[in-house]
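Reader: I would like to go through this structure with you, beginning with the terms. Could you set them out as we proceed?

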Amino acid sequence: MDPARRLGRAQIDVFAQLGVSTVLLGGIYALIAVGLTLIFGIMRVVNFAHGEFLMLGMYTAFWAYSLWSLDPYFVLFISIPLFFGLGVLTYVLVMRGVIHASHNVQIFTTVGLSIALQNVALVVWTGDFRTLRPWHASVVIRVFGTAFNLSQVVAFVIAVALTLALFAFMKWTHTGRVMRATAQDHDAATLMGIDTDRVYRLTFAIGIACVGAAGVLVSPLYAVYPTAGLQFVLLAYVVVVLGGLGDMVGAMLGSLIVAAVEVLGSYVFGVAWKEVFYFVLFIAVLVFRPAGLFGQRGAETLGV
Amino acid sequence: MASLPPRRWAALALLGVAALLPLVVRDAFVLDSLILILMWGALSAAWNVAGGYAGQVSLGHAAFFGIGAYSAALMTARFHQSPWLGLLLGVVLSIAAGGVIGYLSNRLRGPYFALSTIAFSQVLLIVASRWRGFTAGSEGIPVPFRPGLWTLGLGHVAWVYVALVVALVYYGVQVWLETSRIGYQLAGVREDEDAAEALGIASRRLKIRAVTLSAAMTAVGGTFWAQYVGFVDPFYVFSIDLSIRFALNTIIGGMGTALGPFLGSILITSLETYLRATFSGLKTGFAGIYLVIYGTALILVVRFAPEGLTGVAGRLGAWRARADA
């Protein structure tokens with residue numbers, strides 16, 4: 001093979017690898033972001049503690065693996081009801097009282113929750129970086145010159161399946177319709193006999209169950225420590241704002257865009273600078289299209 | 001003087017105690033706590049100008065703090081100039097940055113604005129921690145200690161008075177915002193921007209000015225903090241935790257009140273110092289226990305006493321006055 005063609009072939013491989021990495025990463029980001037956007041869309045609350053629930057999900061997987069050698073994919077079945085329950089509990093104890101309060105009260109309630117949860121983890125489990133290495137984290141799959149490990153693929157498949165399931169639930173079930181009705185017009189929904197408190201409780205619980213599942217799924221891929229949620233949640237904010245707060249399809253597209261920016265940015269400029277790109281993108285979107293790339297204009301100035 | 005409201009008397013009394021304390025106590029631990037209480041109080045007051053008086057709740061004020069801290073640290077460590085020049089540079093840079101954030105505050109409200117300020121401080125964090133050639137990257141910068149006022153190499157007692165002057169000036173700025181025409185206009189914008197606009201108040205310009213003033217005040221605080229502590233770590237000076245600290249002090253003390261940020265700082269800084277001293281010997285992670293208390297306190301305060309300590313004190317006062325009558 002002549003050198004020019006070989007170079008061309010290598011280029012194609014690089015782009016294939018970048019493309020595959022983008023899609024795999026995007027699927028996981030989508031699951032994190034979809035819970036955030038659901039809570040925002042229906043409750044009109046930005047959950048600043050979202051990352052801490054992700055961190056708790058990661059710790060759940062870590063402890064189940066190191067104490068009882070349970071595989072994270074098995075833990076997933078336990079974590080979903082567990083985090084659903086945690087979501088209900090958090091809603092009843094913390095969120096219910098501020099659901100009709102001002103933005104500032106809501107922001108600082110969830111910020112307070114975030115500080116408290118982060119440091120409970122720090123006190124109980126110390127600040128050590130912990131990793132778990134189940135067998136599938138070291139299985140490398142090679143297809144068409146691209147390489148990725150099995151944990152990544154499984155995490156992607158499950159994340160996409162859960163995201164689609166949630167999407168179908170919102171679109172086609174009665175409960176989903178009730179939730180969307182509440183999102184559109186809280187007062188009208190109440191007049192139609194919808195128990196909005198129950199809707200909010202369910203919404204918050206589903207959102208937390210999603211992010212808890214995401215935490216379990218990413219646990220074989222990233223180190224677990226008390227502030228592990230931060231990097232992901234900052235990303236999830238970018239995704240959610242890109243897609244338009246409250247827009248689930250937008251969140252999925254936003255995840256792919258952010259993943260692409262991250263993957264391309266780290267390939268071209270090095271891993272050290274990758275975050276700059278999505279924050280700059282974030283600020284640019286906030287300035288030029290604050291309602292999201294696909295959203296309606298004006299939502300941001302209403303402060304919804 | 002007799003017509004001063006009880007709040008002002010309380011503030012003057014607190015500042016008086018702070019001024020007299022170094023004459024009596026020479027213990028470095030006590031003086032250090034006092035300096036930190038005054039500095040965090042002043043920085044929270046700076047946040048209060050934007051968050052409390054103008055209603056622009058930022059979770060990225062660490063950006064301005066970091067600008068001030070880095071300007072002075074780089075000026076002294078890299079260019080061998082006075083930190084006062086660094087202070088000046090920090091103010092200029094933070095006015096520019098504050099202008100950008102102020103502009104954003106006109107386009108974004110509520111959680112959108114808070115998110116954009118977080119993103120802004122994160123960008124600065126990444127730049128400061130990765131631009132190794134200039135900022136020394138994530139290793140941080142040790143600030144050289146050269147004795148003298150011009151080089152800000154001061155002893156504990158002198159630092160108490162520097163911090164006290166800053167605190168007094170910032171308290172004064174807040175009182176001005178409560179009593180001046182601009183302050184009333186700002187309150188109007190905060191409570192109902194559309195109504196304020198209808199009354200002919202230039203709400204956009206006013207918000208930008210308030211955010212910029214708050215940014216400059218925060219940068220000055222950052223400069224003094226860096227010179228006092230003697231080390232600038234990008235992951236601390238630009239951290240979200242720090243941004244939250246400014247907001248937390250103010251909310252617990254009382255948003256939009258001149259005394260609030262200082263009351264919050266007294267309570268929280270001393271709680272932190274006490275718990276750190278108590279738990280530091282036990283287990284590394286136990287240092288975090290005061291943050292668990294912070295977080296819980298924040299949730300409880302915004303829920304049950306959103307007007308903060310000053311508001312609670314005011315309510316108690318009114319209740320007692322009624323009981324007396």
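Reader: How many residues has helix α1 of chain B, and what is its reach?

Author: Helix α1 (residues 6-24) of chain B has 19 residues, and from first C-alpha to last it reaches 27 Å, close to the expected 27 Å.

Reader: What should I know about the origin and numbering of the coordinates?

Author: This is a predicted model, in which local features need pLDDT of at least 70 and side-chain atom pairs count only at pLDDT 80 or more, while totals for chains, interfaces and linings use all residues. Residues are numbered from 1 along each chain as its sequence is written, and chains are lettered from A and ligands numbered from 1 in the order in which they are written.

Reader: What are the ipTM and pTM, and what is the average pLDDT of chain B?

Author: The model scores ipTM 0.81 and pTM 0.85. The pLDDT is the predictor's confidence in each residue, from 0 to 100. Chain B averages 83, and 95% of its residues score at least 70.

Reader: Which elements of chain B have the lowest and highest mean pLDDT?

Author: The lowest mean, 74, belongs to helix α6 (residues 132-135) of chain B, and the highest, 90, to helix α10 (residues 203-229) of chain B. Where pLDDT is low, the predicted coordinates should not be read in detail.

Reader: Back to α1 of chain B. Which of its residues are buried?

Author: A residue is buried if 20 or more other C-beta atoms lie within 10 Å of its own, exposed if 12 or fewer, and partly exposed in between, with C-beta atoms placed from the backbone. In α1(B) the buried residues are B:Arg7, B:Ala11, B:Ala18 and B:Pro22. They pack against α2 (28-53), α7 (156-179) and α15 (308-324) of chain B, where a contact requires C-beta atoms, placed from the backbone, within 7 Å.

Reader: And α12 of chain B: mostly covered or mostly open?

Author: Mostly covered, since 13 of the 14 residues of α12(B) are buried. The end C-alpha atoms of α12(B) are 20 Å apart, which agrees with the 20 Å that its 14 residues should span at 1.5 Å a residue. Just after α12(B), B:Gly254 takes a positive phi of about 135 degrees.

Reader: What is the overall make-up of chain B?

Author: Chain B contains 15 helices and 2 strands. Its radius of gyration is 20 Å, close to the 20 Å that the globule rule gives for 325 residues, so chain B is as compact as a globular protein of that length. That radius is taken over C-alpha atoms, and the rule is 2.2 Å times the number of residues to the power 0.38. Of the 325 residues in chain B, 51% are buried.

Reader: How many residues of chain B are in contact with chain A?

Author: There are 34 residues of chain B in contact with 38 residues of chain A. On the chain B side, α4 (83-107), α5 (110-130), α12 (240-253) and α14 (289-304) each supply at least two residues, and α5(B) has the largest share, with 12 residues. By class, this side of chain B has 22 nonpolar, 8 polar and 4 charged residues. Here Ala, Val, Leu, Ile, Met, Phe, Trp, Tyr, Cys and Pro count as nonpolar, Asp, Glu, Lys and Arg as charged, and the others, Gly among them, as polar.

Reader: How many helices and strands has chain A?

Author: Chain A has 12 helices and 2 strands. Its C-alpha atoms fill a box of roughly 75 × 50 × 35 Å, taken along the principal axes.

Reader: Is A:Tyr278 buried or exposed?

Author: A:Tyr278 is buried, with 25 other C-beta atoms within 10 Å. A:Tyr278 lies in helix α11 (residues 274-288) of chain A. Leaving aside neighbours within four places in sequence, A:Tyr278 is in contact with A:Leu235, A:Val238, A:Val258, A:Val261 and A:Glu262.

Reader: And A:Ser69, where is it found?

Author: A:Ser69 is in the loop between α2 (50-68) and α3 (72-95) of chain A. With 9 C-beta neighbours inside 10 Å, A:Ser69 counts as exposed.

Technical notes: Helix = DSSP H or I, 4+ residues; strand = E, 2+ residues; numbered from the N terminus. Contact = placed C-beta atoms within 7 Å. Expected span 1.5 Å × (residues − 1).
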